[in-house]
Amino acid sequence: MKDIREGASNLMPALNMCSVLFVGGGQREMGEEESGLVDMEWCLALPKIELHAHLNGSVRDATLLELAKDLGNKGVLVFSDVEHVIKKSDRSLAECFKLFDLIHIITTDHATVSRITKEVVEDFAAENVVYLELRTTPKTNEMIGMTKSSYVEAVMKGLRAVETVEVVLSPCASTLEPGPSISVNDAYKKKKQGRIFVYLLLSIDRRETTASAMETVQLALKMRNQGVVGIDLSGNPITGDWLTFLPALSCAREQGLPITLHCGEVRNPKEIKAMLEFCPERIGHACCLEDEEWKMLKSLNIPVEICLTSNVRTISVSSLHDHHFDDLYRVNHPLVLCTDDVGIFSTSLSHEYYLAASTFGLSKAQMFELSRDAIRHIFAQDGVKAFLNEVFDSAQTGLLWRK
């Protein structure tokens, strides 16, 4: 616990520098709330928690362009078929799926997985994300000897390669016992530009068999002291059957691994009811619930990972103004703003906060508390939560108050 608390000082200079944007260079006293609308500059300065980010969906456009061009030169794909989609920011749903297909092709070797991981973490850190749960589906590729285990090791190698920020995890991260913080990367020591906690959620793809899903859970259990804190169920929502994955998810629960489920991305009352009855620690999206399912969700008080841009782009909701964020927020239901796939949907966590504030008329104080409240729903241990609360305490004065 002491190591984690002492580490707070590493992050404070970066937050304080951002706070200067709002203090006008002077020190402010608590008392009067900061006037003015929430803007992107303020959202960028806000410390943030990201709990629903897919590794492969968060690839930089520039990296995709480079890797796709390389594959084009090798004759694996026709570069001209994907170039315009990669360069386009306002992609249609069909174009988003085309990018997903491309990413699936390029993320089948260890070096690429490591590179993408490094860049994704550095990008999140650059916008003041102080805690990141990064989810990814362990892949196999017999042609190059990639196993689920070696895939996750490639992700960990990417974490160790991060240069712009200290990457930290704690042993036994999903337990209640505090442990010492451990920096997994050495390159940051030359820069000392802040700190980010990064943990992994291993995803079960809905195309997998029961045996394959169980293999992912066993791998997560094996690596729970190396930064893996939970299990995710994701993939094409119209593929697979809930009962296929239930044995593996039940095993994870019995062994104390927290679980988050992609739930209600499409209308499927039977599955949605079964997922809610399973009572996971969190669910993602929750776009297509009927009245009875909403009542059940609210009565169980299951936190929801909200992805505004993703839900609109995938036509899971008709518009931002019609998004269920508003209903859940007004009844004080636990929720967390997230990105889903920053690369695919051309967004950022700061932008998601700006969208929520501007669409639903939320103040700086409300947005600050929304961000801070996400700490309650992370899968890491209490020692990490204490550290994160100190980060928010330090940032509060500069972000919210004036003379």
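Q: What makes strand 8 and helix 10 stand out in the lining of the largest cavity?
A: In this predicted model, strand 8 (259-263) and helix 10 (269-278) each supply at least two residues of that lining. The lining residues include His 262, Cys 263, Glu 271 and Ile 272.

Q: Why is the space with a volume of about 60 Å³ called a cavity?
A: A cavity is a set of points where a 1.4 Å probe fits but cannot get out. The search of the whole structure finds one cavity of 30 Å³ or more, and the volume of the largest cavity is about 60 Å³.

Q: What classes of residue make up the lining of the largest cavity?
A: Four residues are nonpolar, three are polar and three are charged. Gly counts as polar, and Gly 264 is one of the lining residues.

Q: Why is Asn 56 called buried?
A: Buried means under 20% relative accessible area; Asn 56 has 18% and is therefore buried. Asn 56 lies in the loop between strand 2 (48-54) and helix 3 (61-73), and its contacts, not counting residues up to four places away in sequence, are Ile 103, Thr 107, Lys 139 and Tyr 151.

Q: How do you know that strand 6 and strand 4 pair?
A: Pairing requires at least two bridges. Strand 4 (residues 166-169) and strand 6 have three bridges, in the parallel sense, and therefore pair. Within strand 6, Phe 197 stands opposite Val 168.

Q: What makes strand 6 mostly covered?
A: Of its 11 residues, 11 are buried.

Definitions and conventions:
Residues numbered from 1 in each chain as written. Predicted model: local features only at pLDDT ≥ 70, side-chain atom pairs only at ≥ 80, totals over all residues. Heavy atoms only, no water. Helix = DSSP H or I, 4+ residues; strand = E, 2+ residues; numbered from the N terminus. Buried < 20%, exposed > 50% of the residue type's maximum accessible area, 1.4 Å probe, protein only. Contact = heavy atoms within 4.5 Å. 1 Å grid on protein atoms, 1.4 Å probe; cavity = no way out; pocket = protein on both sides within 12 Å on 5 of 7 lines; lining within 4 Å. Points joined across faces, edges and corners; volume = space filled by probe spheres on them.
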